[in-house]
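Work through the exercises below with the sequence and the coordinates at hand. Try each task before reading its solution.

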Amino acid sequence: MAELILHHYPESPFSEKVRAIFGAKGLAWRSLQVPMVMPRPATIALTGGYRRIPVLQVGADVYCDTALIAEYLDDKGTGPTLYTAGQVLAAQTLARWVDTELFWAAVTLRFLPENMGSFFTDPGAAQAFAEDRANFAAGAQVRRPPVDEAQARYARFLAEMEAQLSDGRPYLFGADPSIADFAVYHMLWFIHAGGGMADWLAARHHAAGWMERMRAFAQHSGAPISPDEALSVAREAEPLAIEQLSDIPDLPPGTEVNVAPVDYGVMPSHGTLLRCDTHTIVIRRDHALTGAVNVHFPRHGFGVTRGD
Ligand SMILES: N[C@@H](CCC(=O)N[C@@H](CS)C(=O)NCC(=O)O)C(=O)O
């Protein structure tokens with residue numbers, strides 16, 4: 001397997017999910033640190049437009065969205081599967097709820113003045129962030145809840161989590177961490193990164209102990225790699241051979257398409273459709289900076305349309 005290159009930035013909660021999975025699986029990785037705001041020319045050349053973070057690059061294959069990245073990593077490295085048979089439906093459904101509904105409550109809570117911590121080093125950074133995220137929000141179909149709703153949503157979730165862990169199980173569904181543990185972990189990591197809500201967790205001993213177990217996974221950093229180096233890794237690699245098929249009659253393999261998230265950060269990636277089934281969408285792109293690359297998306301949460 002080619003090296004695992006994570007395009008990420010330290011403050012990104014979804015990146016923290018992947019960093020923790022790397023640790024749980026004992027995987028070495030390379031760290032391509034992108035700025036918290038655009039532009040990110042090397043990453044965008046690789047994805048073809050998709051701008052959410054993180055992105056995992058493996059040679060000339062690029063994996064978008066942590067739901068797919070986690071599945072890709074599951075059989076790499078060591079450690080138990082994150083998708084134990086018999087738990088998959090519950091674990092995946094919880095992970096999806098956390099990554100969407102709890103995420104928007106978390107955004108409200110994280111940006112409360114008393115919970116901002118040291119998020120911005122200077123007022124110029126705050127201004128640049130606000131402008132960048134206004135562009136990012138264009139076309140979004142999400143509702144960020146007001147403070148009272150966000151607090152109630154999180155309080156209810158924490159109470160249920162505390163109850164679930166109160167029989168002494170180390171992880172949400174038993175002896176080993178599942179994809180749901182990693183989704184919940186990165187969301188709590190984000191909410192509590194500012195330090196202003198420490199008492200919420202301190203009052204819940206089982207959840208607090210679980211949080212420390214999960215945090216321990218994310219302690220291994222990746223060896224730095226520059227954007228230019230990552231581009232040359234892509235140019236020198238061959239994209240994986242993909243069995244071509246499409247479950248959309250109007251969009252057979254070979255069609256020029258746009259693929260975009262359906263909820264927010266809806267900037268599309270453009271390429272030639274290789275595969276579209278109930279699990280993934282894969283497009284092929286060819287760009288002077290990257291050579292031929294495959295860009296992989298989960299089907300869930302993404303839309304594919306004809307586009308030149
Ligand atoms: N469902 C996506 C969500 C990714 C996401 O929302 N990432 C945030 C950062 S944690 C983002 O891209 N924010 C805008 C940006 O960084 O440009 C995933 O699981 O990867």
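The model is predicted: local features need pLDDT of at least 70, side-chain atom pairs count only at pLDDT 80 or more, and totals for chains, interfaces and linings use all residues. Residues are numbered from 1 along each chain as its sequence is written, and side-chain values use heavy atoms, with hydrogens and water left out.

**Exercise 1. Describe the division into domains and the interface.**

Step 1. The protein chain is divided into domain 1 (4-78 + 222-306) and domain 2 (88-217); such bounds come from an automatic or database domain assignment.

Step 2. Taken over C-alpha atoms, the centres of domain 1 and domain 2 are separated by 24 Å. The contact (heavy atoms within 4.5 Å) takes 29 residues from domain 1 and 28 residues from domain 2.

Step 3. About 2300 Å² is buried between domain 1 and domain 2, and carbon and sulfur atoms give 69% of that area. Buried area is the accessible area (1.4 Å probe) that two parts lose on being put together, summed over both.

Step 4. On the domain 1 side, the residues that lose the most area to domain 2 are Pro-13, Lys-17 and Tyr-264, together 23% of what that side buries.

**Exercise 2. Determine how H1 packs against H7.**

Step 1. Locate the elements: helices (H or I, at least four residues) and strands (E, at least two) are DSSP runs, numbered from the N terminus. Helix H1 covers residues 13-24 and helix H7 covers residues 179-192; they pack at an angle of about 130 degrees, with axes 8 Å apart. Axes are lines fitted to C-alpha atoms, for helices over the stretch in contact, and angles run from 0 to 180 degrees between N-to-C directions.

Step 2. Classify the angle: H1 is therefore oblique to H7. Angles under 35 degrees count as roughly parallel, over 145 as roughly antiparallel, 65 to 115 as roughly perpendicular and the rest as oblique.

Step 3. List residues in the contact. From H1 they include Pro-13, Phe-14 and Lys-17, and from H7 they include Phe-182, Tyr-185 and Trp-189. By class, the contact of H1 with H7 has 12 nonpolar, one polar and three charged residues. Here Ala, Val, Leu, Ile, Met, Phe, Trp, Tyr, Cys and Pro count as nonpolar, Asp, Glu, Lys and Arg as charged, and the others, Gly among them, as polar.

**Exercise 3. Characterise the two contacts of H9.**

Step 1. The axes of H7 and helix H9 (residues 205-217) come within 10 Å and cross at roughly 95 degrees, so H7 is roughly perpendicular to H9. Among the residues in contact are Tyr-185 and Trp-189 of H7 and Trp-210 and Met-214 of H9. The classes are nine nonpolar, no polar and two charged.

Step 2. For helix H6 (residues 147-165) and H9, the axes come within 8 Å and cross at roughly 85 degrees. H6 and H9 are therefore roughly perpendicular to each other. Leu-158, Met-161, Glu-162 and Leu-165 of H6 meet His-205, His-206, Ala-207 and Trp-210 of H9.
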